[in-house]
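Here is a short briefing on one protein chain. Read it with the sequence and the model side by side.

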Amino acid sequence: MIEPIRDKKKDLKFDLVGSIPFVMMHISVLAVIFTGFSWPGVAVAVVLYFVRMFAITGAYHRYFSHRSYKTSRWFQFVLAFWGTTAAQKGPLWWAANHRHHHRHSDTDEDLHSPGLHGLWWAHVGWITSTKWNSTDFEGIKDFSKYPELRWINKQYLLAPLLLALGVYSFGALLESTGTFGLAATYPFLKTTAMQMLIVGFFISTVVLYHGTFCINSFAHLIGAKRYKTGDESKNSLILALITLGEGWHNNHHYYPGSERQGFFWWEVDITHYVLKTFSLFGLVWDLNNPAPHVLAMGPSGNVKLATAPAQPAMKGATLEDEALA
Ligand SMILES: [Zn+2]
Ligand SMILES: [Zn+2]
């Protein structure tokens, strides 16, 4: 089951066949020129953007990549399946690559460093490369031991296909003259099935791609740097709003084991609020906080203010300690 580690000889080659779905997804948005848009399509696009952004941030990132909270085996599978609706491949692929990013941030080994490899490469180039298209099972042993996760990691197209079908069917129902064809009474519900599919699914998915990718590219370029992390990660409110809390990327690189990435009350972190709500219902538990000495530094990140030794405050924060334990 273990696939070979990336072949160095294949570095930076464009993966022609493997990139077809990704490229086609982008081309598909041009169909809106022919279908036009509808407001119900826009509403579905916005809802699906945020619901699936949470799947990336709350599931793929904070759970599968960093194990920053705990959950049951059945809800773990729900999180994995939910994540695949974003059409960003499987949870094991995503999380293994992301762990690699943390181990090698802004070094030559980093898969998406805008400072070293350029903005285009950091944003989308690496995704179309043969180097990163297989799952590094060695890097995600703690989750690849579950057969259901290996299955969904392989069948990552299932959820996007079902979602596209569901969105199209919903549009067809609204378009019909039957029970759900409500446009005659409520003109703002007027749509065609194709408008719903193109706007509600395809455009939403492509915007979701680029919202997510902003963290790999812009979050290592623009914003404020609170902590010395040895990389170029930054904090940005705008990116945090676009990505439901992931814009506090310098916080996150400093203490990746924390479930919340907004360390102070004004650092809006909607993924954290949702996970906190889930914890009230017993769906998730043991949400990790930043260590007390990290918070003791205050918003300036001044290590001299900390009550704990001014060590690189990574004890308990590294992937090796927190995620791979
Ligand atoms: Zn980063
Ligand atoms: Zn991370």
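Phe 77 sits in helix α4, which covers residues 73-84. This is a predicted model. Phe 77 and Ile 152 are 75 residues apart in sequence, yet their C-alpha atoms are 8.6 Å apart in space.

**The chain as a whole**

- The protein chain has 16 helices and two strands.
- Of its 325 residues, 45% are buried.
- Take the contacts between residues at least 6 apart in sequence: 67% of them join residues at least 24 apart.

**The nonpolar cores**

- The largest nonpolar core has 45 residues.
- Ala 55, Ala 59, Tyr 60, Phe 64, Leu 92, Ala 95 and Leu 197 have the most contacts inside this core.
- At least two core residues come from each of α3 (39-65), α4, α5 (91-103), α9 (147-154), α10 (158-175) and α11 (193-217).
- The most come from α3, which gives eleven residues.
- Leu 197 touches Ala 164, Val 167, Tyr 168, Gly 171 and Phe 202, leaving aside residues up to four places away in sequence.
- Another core, of eight residues, lies apart from the largest one. Among its members are Cys 214, Ile 215, Ile 242 and Trp 248.

**Two aspartates with positive phi**

- Asp 106 has a phi near 55°, a positive value in a residue other than glycine.
- Asp 106 lies in the loop between α5 and α6 (114-117).
- Asp 106 is buried, because 21 other C-beta atoms lie within 10 Å.
- Asp 286 is not a glycine either, and its phi is also positive, at about 50°.
- Asp 286 belongs to the loop between β2 (284-285) and α15 (292-296).
- Asp 286 is exposed, because it has 11 other C-beta atoms within 10 Å.

**A loop residue: Glu 138**

- Glu 138 is placed in the loop between α7 (119-123) and α8 (141-144).
- Is Glu 138 buried or exposed? Glu 138 is exposed, because 12 other C-beta atoms lie within 10 Å.
- Glu 138 and Ala 96 are 42 residues apart in sequence. In space, the two are 8.2 Å apart, C-alpha to C-alpha.

Definitions and conventions. Residues are numbered from 1 along each chain as its sequence is written. Chains are lettered from A and ligands numbered from 1 in the order in which they are written. This is a predicted model: local features need pLDDT of at least 70, side-chain atom pairs count only at pLDDT 80 or more; totals for chains, interfaces and linings use all residues. Helices (H or I, at least four residues) and strands (E, at least two) are DSSP runs, numbered from the N terminus. A residue is buried if 20 or more other C-beta atoms lie within 10 Å of its own, exposed if 12 or fewer, and partly exposed in between; C-beta atoms are placed from the backbone. Two residues are in contact if their C-beta atoms, placed from the backbone, lie within 7 Å. A nonpolar core is a set of buried Ala, Val, Leu, Ile, Met, Phe, Trp, Tyr and Cys residues joined through C-beta atoms within 7 Å.
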